[in-house]
Amino acid sequence: MAETRPRLLLVGLDRYTLDACVRLGVDAVVVCGAAGWDDGLMNVPPELTVLRVDDQSSVEAVLMALRRAGLGAGDFDAVHTSDEYSMVTAGMLARHLGLPGIAPETAVRFRDKSLQKAAVRAAGLTAARCVVIDDVFAVSGLRELPFAPAVLKPVAGAATALTSSVGSIEELRARSDEHRGNRTTQRTFVLEEHFAGDEWFVDGVVFDGELLFLAVGAYGDPCLTAIESGRPLWLRHFDPGDEGWVYEKARGLVGPALDALGLRDGAFHMELFHDGPSGTLTFGECAARRGGALVHEQIQAKFGVNVAECAVQIALGRRPEINAKVSPDVFGGCYLPVRPGVLLDCPAAAELLELPQVLFARIEHPVGTHFPAGAAHTSQRVGQVMVRAASVEQLTGRFDEVRQWFDERLWVLPDGLTTRGKRDFQRAWRPDTDFGDTLWR
């Protein structure tokens, strides 16, 4: 008798999770919201089943779609997601269907920044104090900042979106006016203490409360600094041998923090702040999913570990066998920034891969995409590249070279040009073709 293939209800699109399901022989029904479907960057493999919904973060939308498709608890072995905005949804679905999955109360702690940091502080760990602002449009009730400087962010945000530093009550009111003027859809925010220092990130795998794998890295600039300065984000992983002190220090905080948050099974992405002069390590935030950017690719290159595959196995109740093999090289990823305006053309990923030391490249936006002025969040980029180097200095130097090479071949139609300006731009972009006025003689 043939062995029954495991069945997974997967909420949201994640390229490496989809790939892991295919390679592990998992029959997955993939819940895909309208936004992910319309974006079209990630395609669901033909071996898996797509379940279209309006909003994949809505329990109502998913349950209705399951019902229409004639699917229920008996058709699945577990519920899983790596979509930040669908964590609580996946937990509620799992509980409603009586299936394994993240507990809703645990998912809430990973989504709500104020609850998350309160739980970590209650465990005796250092984390920012927070004040919840129920409506960021209305902050007149605050007469002074509870912390200075402070950070203002959505209570359940991601990718440092809508996040800003505020140094006075006047700046807070100015940010409030901006959000009201922009009709920001997220209204509940938190105001929290600002911690200086280097920003580290930790990705790992935990099974039945046991930390099976840990990879520690650092951002070139803290995420908020990168947004406010306009510098492109880059990140790299520490070496567990040459930089073993980093891992020793991180382990002392990661385990207790995960215990405080209640995550006993799955992948996680945690951010910490390290103050060099004092050596203090402070909890920043944590997500119950693998990291974004090129974190997955960097971990595979540096450690030979597929975190997405581990997460799928854990969701199905299997303990993953992890055999990390550490490369002595330095691996890092950097964003390929774009200028404000409409994207017309840029080098393809295949062209980037021809450059020395570039191991991986992804162009994430099609021609015609409009990019606003200023970085709104850490996901604002036209693409990403991963580079291998012999040292951190060589890595950052190569990042600069690749970005310059890319920028020289990037064509973006700037905003605000007159028609004459557009004609001048077009002549520079396509000197072999003149779309100017002509006479018939």
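Two strands are taken to pair where DSSP finds at least two bridges between them, and strands (E, at least two residues) and helices (H or I, at least four) are DSSP runs numbered from the N terminus. The model is a predicted one, in which local features need pLDDT of at least 70 and side-chain atom pairs count only at pLDDT 80 or more, while totals for chains, interfaces and linings use all residues. Residues are numbered from 1 along each chain as its sequence is written, and side-chain values use heavy atoms, with hydrogens and water left out.

Under this criterion, strand S9 (residues 198-207) pairs with S12 in the antiparallel sense over nine bridges, with Val205 standing opposite Ala267 of S12. Strand S12 also pairs with strand S13 (residues 281-287), again in the antiparallel sense, through six bridges, and here Met270 is set opposite Cys286 of S13. S12 and S13 form a hairpin with six residues between them, and Gly279 in the turn has a positive phi of about 80°. Nine of the nine residues of S12 are buried (under 20% relative accessible area, with a 1.4 Å probe and protein chains only), so the strand is largely enclosed by the rest of the structure.

An open sheet is formed by three strands in the order S17-S15-S19, with antiparallel pairing. Strands S17 (370-371) and S19 (411-413) stand at the edges with a single partner strand each, so one side of each is left without a neighbour in the sheet. Strand S15 (residues 341-345) is joined to S17 by two bridges, and Phe371 in S17 is the bridge partner of Gly341. Helix H14 (residues 419-429) packs on this sheet, touching S15 and S19, and its direction makes about 170° with that of S19; contact here means heavy atoms within 4.5 Å, and the angle, on a scale from 0 to 180 degrees, is taken between N-to-C directions of lines fitted to C-alpha atoms, for helices over the stretch in contact.

The second largest pocket holds about 450 Å³ of space, a volume being the space filled by probe spheres set on grid points joined across faces, edges and corners. A pocket is an open set of points, on a 1 Å grid over the protein atoms alone, where a 1.4 Å probe fits, with protein on both sides within 12 Å along at least five of seven lines, and lining residues have an atom within 4 Å of a point. Its lining comprises 28 residues, of which His80, Gly101, Ile102, Asp265 and Gly266 lie nearest the centre. Two or more lining residues come from each of strand S4 (78-81), helix H4 (87-97), strand S12 (266-274) and helix H11 (307-315), with H11 giving the largest share, five residues.

Helix H10 (residues 295-303) is mostly covered, seven of its nine residues being buried, among them Val295, His296 and Phe303. H10 is followed by Gly304, whose phi is positive, near 70°.

A cis peptide bond with omega of about -5° joins Ala148 and Pro149, and Pro149 is placed in the loop between strand S5 (130-133) and strand S6 (150-154). Thr160, a residue other than glycine, has a positive phi near 55° and lies in the loop between S6 and strand S7 (164-166). Asp208, likewise not a glycine, has a positive phi of about 50°; Asp208 is in the loop between S9 and strand S10 (210-219) and, at 52% relative accessibility, counts as exposed, the term applying over 50%.
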